[in-house]
Structures are given as C-alpha cells and as structure tokens.
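Please keep the sequence and the structure side by side while reading these comments.

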Amino acid sequence: MEETLPGASRAFIIGNISTAAYLASAAWRLLRDASAHAATRKQFGKTLGEFQAVTHPLADCAIGLRAAQSLARAAACNFDSAGSGELHEASCLAAGAVMSARRASLNAAYVCHQVFAGIGITLDGPAFHISRRIRQLASAPPAGA
C-alpha cells in the first residue's frame with residue numbers, strides 16, 4: 001500500500017488510535033449514565049446500585065475501559081516518538097489498542113443495556129444511540145488490515 005499511497009501506513013495508525021479513543025470514550029459515557037441510573041432507580045426497596053449483580057459488572061467494565069484508554073494513549077505516545085522508518089511497533093500498539101477498545105466497549109454496551117433494562121433498547125432511550133455507534137465502529141476491521 002505504501003508504494004501506491006505514500007504515508008498511508010501513518011494514516012492507518014492514526015485511524016486505529018482515534019477509533020480506540022472514540023470507542024473507549026463513548027463506552028465511558030454509557031457507563032456513567034448507567035451508573036447514575038443504578039444510583040437512582042429503586043427495585044425491591046433498594047437502589048439498583050446496592051445489588052452486587054449490578055455493581056460488579058459495571059466495575060468490570062470500568063477496568064476494561066481504563067485498560068483500553070491506557071493502550072490508546074501508549075500507542076499515541078509511541079506513534080509521536082516514532083520516526084518514519086520505525087512504524088512497525090506503533091502499528092502493532094495501535095492495532096492492539098483498537099482491539100482492546102472494541103472488546104471493552106462492546107462489553108460495556110451490553111452491561112449498560114442490562115442496567116437500563118427496557119428503556120435501554122428504545123430508540124429515544126439513554127443508551128441506544130451510543131451503543132449503536134459502538135457496535136458500528138466495533139464491527140469494522142482495523143485500519144490497514
């Protein structure tokens with residue numbers, strides 16, 4: 001690809017890093033909204049956040065998203081410091097970051113829909129428009145694959 005389109009490999013790396021950052025940020029938004037919902041919605045005389053079956057999956061999502069964010073930042077730092085001939089490591093880090101962000105954001109979308117229950121799947125609900133975008137981005141192959 002580099003022979004026909006100079007600089008394409010750098011663009012693919014930037015695309016993977018930005019996709020990873022976008023997916024992680026969108027999933028954080030869902031997670032914040034679902035956590036706020038769990039803190040206020042009451043069932044059986046308690047808020048949803050008082051049930052371990054709700055809080056533990058949300059905490060697992062936060063751990064996965066933090067790892068995805070860290071990988072995206074590490075890939076971006078490596079890309080910034082890499083010279084034009086040293087892009088292999090940056091490319092591998094960017095691909096790893098986007099794969100980690102895909103897994104973490106899809107998991108967060110699933111868990112958040114569970115927390116929101118019925119209102120999570122309605123078109124005008126608090127989660128649908130974000131989780132739909134996460135699924136769209138996560139289904140595309142990594143740039144340069």
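1. Leaving aside residues up to four places away in sequence, Ser-105 touches Leu-23, Ala-27, Leu-65 and Ile-134, where a contact means heavy atoms within 4.5 Å. Ser-105 has its place in helix 3, and because its relative accessibility is 0%, Ser-105 counts as buried; the word buried stands for under 20% relative accessible area, exposed for over 50%, and partly exposed for what lies in between, with a 1.4 Å probe and protein chains only.

2. A word on the basis of these comments: this is a predicted model, in which local features need pLDDT of at least 70 and side-chain atom pairs count only at pLDDT 80 or more, while totals for chains, interfaces and linings use all residues. Residues are numbered from 1 along each chain as its sequence is written, and side-chain values use heavy atoms, with hydrogens and water left out.

3. The protein has 4 helices and 2 strands, which follow the pattern α-β-β-α-α-α along the sequence. Helices (H or I, at least four residues) and strands (E, at least two) are DSSP runs, numbered from the N terminus.

4. Which residues touch the most other members of the largest nonpolar core? Among its 38 residues, they are Ile-13, Leu-30, Leu-31, Leu-58, Leu-65 and Ile-134; such a core is a set of buried Ala, Val, Leu, Ile, Met, Phe, Trp, Tyr and Cys residues joined through side-chain atoms within 4.5 Å. Two or more residues of this core come from each of helix 1 (8–40), helix 2 (52–81), helix 3 (87–116) and helix 4 (128–139), and the largest share, 13 residues, is given by helix 3. Ile-13 touches Phe-79, Leu-87, Ala-90, Ser-91 and Ala-94, again without counting residues up to four places away in sequence.

5. The 30 residues of helix 3 should span 44 Å at 1.5 Å a residue, and the end C-alpha atoms are 42 Å apart, which agrees; the expected span is 1.5 Å times one less than the number of residues. Just after helix 3, Ala-117 takes a positive phi of about 60 degrees.

6. In helix 4, the buried residues are Phe-128, Ile-130, Ser-131, Ile-134, Leu-137 and Ala-138, and their cover includes helix 1 and helix 3.

7. For the protein as a whole, 39% of the 145 residues count as buried. Among contacts between residues at least 6 apart in sequence, 71% join residues at least 24 apart.
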